[in-house]
Amino acid sequence: MVGNIFADDFGSIIFTLLVAILLSVLIFTARKVYKQNKEWEEKKRWWKEGVIYHIYPRSFQDSTGDGNGDLQGITKRLDYFEFLGIKILYLSPIFRSPMVDNGYDISDFKDIDRMFGNLEDFAELLKEAHLRGMRLILDFVPNHTSDQHPWFIESRSSKVNPKRDWYVWLDPAVGGGPPNNWVSVFGGSAWTYDAKTNQYYLHQFCPEQPDLNLRNAEVRDALNDVLTFWLDQGVDGFRADAVAHLVEDSRFQDEPTKDGYDTKRPRYDDLDHVYTKNFTANHKIVQGWRAVLDQYKDSYRILIGEILDDNFQEVVKYYGGRFSNEFDFPFNFGLLGLSQTTNAEEVYHVISDYLAALPKGKWPNWLLGNHDFPRIGSKVSHEYCRALNVLLLTLPGTAITYYGEEIGMIDAKVSFKSQKDFRDPQRSPMQWCDKENAGFTSAAKAWVPVAENYKTVNVEVQKADPTSALYLYKELVNLRSTVECFKGLSFKAVHVDASVLAYTRSDRHHTFVIMINFSKERWEGSLNGISGSGVVVIDSEMKLKGTNVLFVRVTLNKAQALAIKMQ
């Protein structure tokens, strides 16, 4: 009897000890995971709190006098970014290319096109940027290559070549012609016939940009190797191009047509792209890229996606899920739709709809322009550039500036006859000064004309004027980097009407009110959702800084924006 009691007590003690040990292990593991996650999140601060400056390398600075911007030119301008407070540079493609699509037709993923310099020039740029505490992001073009890439040259050489399946090849349709009705983004059939092998190859963009077959594991491995090559050089991340198009329907079915579809002149928008965009397999591919980047533990490497789709629910899927990380963010193109007729209520809905659609815990981002769309100063009007930069740099999340927006650049006038690409006007040279070719090049002629307003809209003129758009931009970058409430995600609209949008950014210690007049006339009134007063910290007109404003009696000039610190 005593033995049984002793055995029971001993068993209870052992059980209690085991439970205690198990709990200790679980607590230790949870604390370790929490610490690791916190450290990993801390490593992301550089791109969450910084402003990404998008450089179109061919148009930024020419150092050789050939009329084309280059890597040495960017290196020579790094002091400009220090002046602005910019810490993150993103470069459009600089890789070896025939330049059919301005660098998005790549013939060697691991080399620099001679237009821009060489690998030594790139190493120097990267080194100098890092010495200044800056990060460098490259473009990654995984959907297609140039038809001059060795992979495609091998692939098209014969049907039995080992790289044949690296691209998408199909027999002609019954009776001849393309295999199906798929249309290129640039218009016309997405298929080009190859007489040598009597098959068609797929290209969702130019015929000179054959689509890679990303269902092929060898292709995916080759692209991962491209990422590794540049990560080993020390780059800080990538923006992935044309991600929606990575994988297509394996049965190659005709896409549904819309009203207006013309079989003789098919346009991209005349099809419902259910068989060529946003396949589930795309997400597994992106997760693979994320895994490659995460192998580099010294610092966090950012991954950004370009997914052009009117259905934002499709776009936000590329953030990934709870257990499947994909992009740190897909670019948010909502503000690209602004025009001269856009009012404050419409701007608010663009912002609120985007924030509402974001998956929980995911990071927002904002941009006003890029190399594919007309400049915001041309779409909305040059006089609204200042106010729109206030908007861009005070919204919650990461801001992306397209080069020249900080000084209010507009599209250049490029005659239709001289255009190589319909997007040339928004890719005009950076306007550095009022000298010939805006100080961009010493050549007699730049690769594309400089915008006509360069005499008055340029860096040199604005650096000499403390009330300029450039100094406003510099103040906004400084505000974002020094005031905690602009580093978080707080956002609350306090006034919305057709003319004025006002919202707050807050933390435990401070609240800032941002108000912007989008109308064509002066606005006077009371803000509906907030009372009290505050001191002007930012004025887009650079006149009212330090003055007190009562929220029941606000006056805003046409295209004026204020950032006010509440008292």
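The paragraphs below lead through the annotated domain, the sheets, the pockets and the cavities of this predicted model.

In an unreviewed entry, UniProt lists residues 54-451 under the name "domain: Glycosyl hydrolase family 13 catalytic". Over that stretch the chain is 24% helix and 13% strand.

Eight strands make up an open sheet whose order is 13-10-9-5-2-1-15-14, with parallel pairing. Its edges are strand 13 (329-330) and strand 14 (365-367), each of which pairs on one side only. Within this sheet, strand 1 (residues 51-55) runs parallel to strand 2 (residues 88-91), and four bridges connect the two. Ile52 has Ile88 of strand 2 as its bridge partner. Helix 7 (residues 217-233) packs on the sheet, where it touches strand 5 (135-140) and strand 9 (237-240). The direction of helix 7 makes about 160° with that of strand 5. Helix 8 also packs on the sheet, with strand 5, strand 9 and strand 10 (302-305) as the strands it touches. Between the directions of helix 8 and strand 10 the angle is about 160°.

A further open sheet consists of three strands in the order 6-8-7, and here the pairing is antiparallel. Strand 6 (169-170) and strand 7 (191-194) are the edge strands, each pairing on one side only. Strand 7 is joined by four bridges to strand 8 (residues 199-202), and the two run antiparallel. In this pairing Thr192 stands opposite Tyr201 of strand 8.

The largest pocket holds about 1300 Å³ of space. Its lining comprises 45 residues, and those nearest the centre are Lys277, Leu308, Asp309, Asp310 and Phe373. Helix 9 (312-316) and helix 10 (344-357) are the elements that contribute two or more residues to this lining. By class, the lining of the largest pocket contains 22 nonpolar, nine polar and 14 charged residues.

The second largest pocket contains about 450 Å³ of space. Of the 20 residues that line this pocket, Glu41, Lys44, Asn325, Gly361 and Lys362 lie nearest its centre. Two or more lining residues come from each of helix 1 (2-42), helix 2 (45-49) and helix 8 (280-294).

The model has six cavities of 30 Å³ or more. For the largest cavity the volume is about 80 Å³. Leu338, Ser339, Gln340, Thr342, Val347, Val380, Tyr384, Leu388, Phe518 and Lys520 form its lining. Six of these lining residues are nonpolar, three are polar and one is charged.

How values were computed: Residues are numbered from 1 along each chain as its sequence is written. This is a predicted model: local features need pLDDT of at least 70, side-chain atom pairs count only at pLDDT 80 or more; totals for chains, interfaces and linings use all residues. Side-chain values use heavy atoms; hydrogens and water are left out. UniProt positions are given in the numbering used here, feature names are shortened, and annotations may be inferred rather than shown by experiment. On a 1 Å grid over the protein atoms alone, a cavity is a set of points where a 1.4 Å probe fits but cannot get out, and a pocket is an open set with protein on both sides within 12 Å along at least five of seven lines; lining residues have an atom within 4 Å of a point. Grid points are joined across faces, edges and corners, and a volume is the space filled by probe spheres set on the points. Ala, Val, Leu, Ile, Met, Phe, Trp, Tyr, Cys and Pro count as nonpolar, Asp, Glu, Lys and Arg as charged, and the others, Gly among them, as polar. Two strands pair if DSSP finds at least two bridges between them. Contact means heavy atoms within 4.5 Å. Axes are lines fitted to C-alpha atoms, for helices over the stretch in contact, and angles run from 0 to 180 degrees between N-to-C directions.
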